[in-house]
Amino acid sequence: MVIATARDIVESAAVARLLFVDFPLGSPCGEPWNVAQQRAVLDMALRLLETAAGPQATVEAGLRWSKGEGWKELIFTEAQPFLPGQAGDAWLKKKEAYRQMKAEGKI
Amino acid sequence: MSDNVPDTRHPYVRYIDKTRAYYLSQGYEKPYRWAHNDSAPFAPPTKPLSGSTVVLVSTSEIAIRNDPRFDDNPETRAKGNVYGVSSDTQAAELYSRTQSYDRYATTLDDANAYFPIDPLREAVASGRIGRLATECLGVYNAYSQRKTIERDAPEVLARCRAIKVDAAILVPV
């Protein structure tokens, strides 16, 4: 039973059951600190787990991000690069460490 | 659940298309190839959830504060291995080190938003599910789909079998 925000990526990989929550990456199980909503998301997931009749069943949670849908327009734009500054540097460092370990035959 | 209607004015984000366009614009000629399968295996539940053991599996790089296992170690991360986090861990002790989230729209400060440990414990307390597996499983994102398929996924399955799990909740961040 998968709970995810990136519907197209999970559907491409194909899973048995997907509860799709149309929220920004990082908050698939409800908005931060919204305990009631987080409880509701898990409940929907458990119901899908019980009721799905076959594989690749996607159910939409039907929730809306409380601050509006504007976040969808800004992903991967110049204004909001996915990994800005330090985060991008950290990602490149990890990637380089991986390359090096591979070259050294450690992995 | 079936009466939830799609939001046609604000369709969901097509990450595959967006990342393809983004990397082309950054000068990468070969687009990233996302995992693709035409079908998925399916197993119906064999017993009621109220009698089932449930495990939480997360790729959020979930970590425990002040636990030396999670000291920054690029080797551990890059190897993409599978690790356990005790199901008794309090949410306030958990945090994520992932960079792969929408930092403009949300925060990772509340672990329950991507690692629903408190709702799961509540579901146990209310009898909705039988019990939680003694540990949750974390899986570091590997750079290689082959490693995910041939090494990490079988290890997750083996661990699930070892701790006699009936159902798994998997949450990519």
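Tutor: A residue counts as buried if 20 or more other C-beta atoms lie within 10 Å of its own. Please keep in mind that this is a predicted model.

Student: What share of chain B is buried, then?

Tutor: In chain B, 27% of the 173 residues count as buried. For chain A, buried residues make up 33% of the 107 residues.

Student: How many helices and strands does chain B have?

Tutor: Chain B contains 4 helices and 7 strands. Their order along the sequence is α-β-β-α-β-β-α-β-β-α-β. The C-alpha trace of chain B spans about 50 × 45 × 35 Å along its principal axes.

Student: And which elements make up chain A?

Tutor: Chain A has 4 helices and 3 strands. Starting at the N terminus, the pattern reads β-α-β-α-β-α-α.

Student: How do the strands of chain A pair, parallel or antiparallel?

Tutor: Strand 1 and strand 2 of chain A pair in the parallel sense, over 3 bridges.

Student: What stands opposite L18(A) in strand 3 of chain A?

Tutor: That residue is T58(A).

Student: Which way do the side chains of strand 2 of chain A point?

Tutor: R17(A) and L19(A) point one way from the strand, while L18(A) and F20(A) point the other way. All of them are buried.

Student: What about the crossovers: is the unit with helix 1 of chain A right-handed or left-handed?

Tutor: Strand 1, helix 1 (residues 7-13) and strand 2 of chain A form a right-handed β-α-β unit. The next β-α-β crossover, from strand 2 through helix 2 to strand 3 of chain A, is left-handed.

Student: Changing topic: how many residues of chain B are in contact with chain A?

Tutor: 58 residues of chain B are in contact with 55 residues of chain A. On the chain B side, helix 1 (15-25), helix 2 (74-79), helix 3 (117-125) and strand 7 (167-171) each supply at least two residues. By class, that side has 35 nonpolar, 11 polar and 12 charged residues.

Student: And the largest nonpolar core: which residues touch the most other members?

Tutor: They are I3(A) and A45(A), in a core of 51 residues. Elements of both chains give two or more residues to this core, including strand 1 (2-4) of chain A and strand 6 (135-139) of chain B. Helix 2 of chain A provides the largest share, 6 residues.

Student: What does A45(A) touch?

Tutor: Leaving aside residues up to four places away in sequence, A45(A) touches M1(A), I3(A), L19(A) and I169(B).

Student: One more residue. Where is F76(A), and why does F76(A) count as partly exposed?

Tutor: F76(A) lies in the loop between helix 3 (71-74) and helix 4 (85-103) of chain A. F76(A) counts as partly exposed because there are 16 C-beta neighbours inside 10 Å. That count falls between 12 or fewer, the limit for exposed, and 20 or more, the limit for buried.

Student: How far apart are F76(A) and A103(A)?

Tutor: They are 27 residues apart in sequence and 31 Å apart in space, C-alpha to C-alpha.

Note on methods: Residues numbered from 1 in each chain as written. Chains lettered and ligands numbered in written order. Predicted model: local features only at pLDDT ≥ 70, side-chain atom pairs only at ≥ 80, totals over all residues. Contact = placed C-beta atoms within 7 Å. Nonpolar A, V, L, I, M, F, W, Y, C, P; charged D, E, K, R; others polar. Core = buried A, V, L, I, M, F, W, Y, C linked by C-beta atoms within 7 Å. Pairing = 2+ DSSP bridges. Right-handed = clockwise from strand over helix to strand, strands pointing away.
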